[in-house]
Amino acid sequence: MAVADDIALIKRQEELLVFPAFDEAAAFRIGSAIRDRATAENLPIIVDIRLWDRPLFYAAMPGSNASNPDWARRKINVVRRYLRSTYRLVLEQQRPDRSFKVGEGLDIADYVLAGGGFPVTVKGAGVIGVIAVSGLPEREDHGVVVDALCAHLGIDKRGLALAPEAE
């Protein structure tokens, strides 16, 4: 039941975390907030914010590695294709090999089932871009993005945060 609850909560995140408008300044503020958090908490992440036609913000933190940008790129491709968060797809697909079903026709070199990609949705326009974080366990990557969006949009994150995974 926990997976179904998480999927429902992520759908709610996607419904509520919608921008009235989104531009380079908004991307910079959100990206900077994620970078500031990463600095304060020593998070070894990269953050990549982009519209479909161009990148708007990128930062690589100490401890991130050469594979993180590629993971982010593949997460970005997934958001662009499905217009939803990558962690939601992870939970819906339940594929331990991180690939999509063969019938989807999505090459693992370009698409990956891994949390940390979240759609940038603008009211009246739909999904226009993506925020991707890579470097932490996927649930945490997802949470970093959601926390930043809640802060930027003035939405109380307590009602939208996924519970930490039991160890």
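I began with Phe22, which counts as buried because its relative accessibility is 10%, where buried means under 20% relative accessible area, exposed over 50% and partly exposed in between, with a 1.4 Å probe and protein chains only. I note that this is a predicted model, in which local features need pLDDT of at least 70 and side-chain atom pairs count only at pLDDT 80 or more, while totals for chains, interfaces and linings use all residues. Residues are numbered from 1 along each chain as its sequence is written, and side-chain values use heavy atoms, leaving out hydrogens and water.

Next I searched the whole structure for aromatic pairs and found three, a pair being rings of Phe, Tyr or Trp (its six-membered ring) with centres within 6.5 Å, called stacked if the planes are under 30 degrees apart, edge-to-face if over 60 and tilted otherwise. One of them joins Phe19 and Phe22, whose ring centres are 4.8 Å apart and whose planes stand at 70 degrees, so I wrote it down as edge-to-face. Phe19 is buried too, at a relative accessible area of 1%.

I then looked up Phe28 and Phe57, which are also edge-to-face, because their planes are at 70 degrees, with the centres 5.9 Å apart. Phe28 is exposed at 52%, whereas Phe57 is buried at 11%.

Finally, I turned to α1 (residues 2-16) and α4 (residues 86-93), helices that pack at about 155 degrees with axes 10 Å apart; helices here are DSSP runs (H or I) of at least four residues, numbered from the N terminus.

Definitions and conventions:
Axes fitted to C-alpha atoms, helices over the stretch in contact; angles between N-to-C directions. Helix = DSSP H or I, 4+ residues; strand = E, 2+ residues; numbered from the N terminus.
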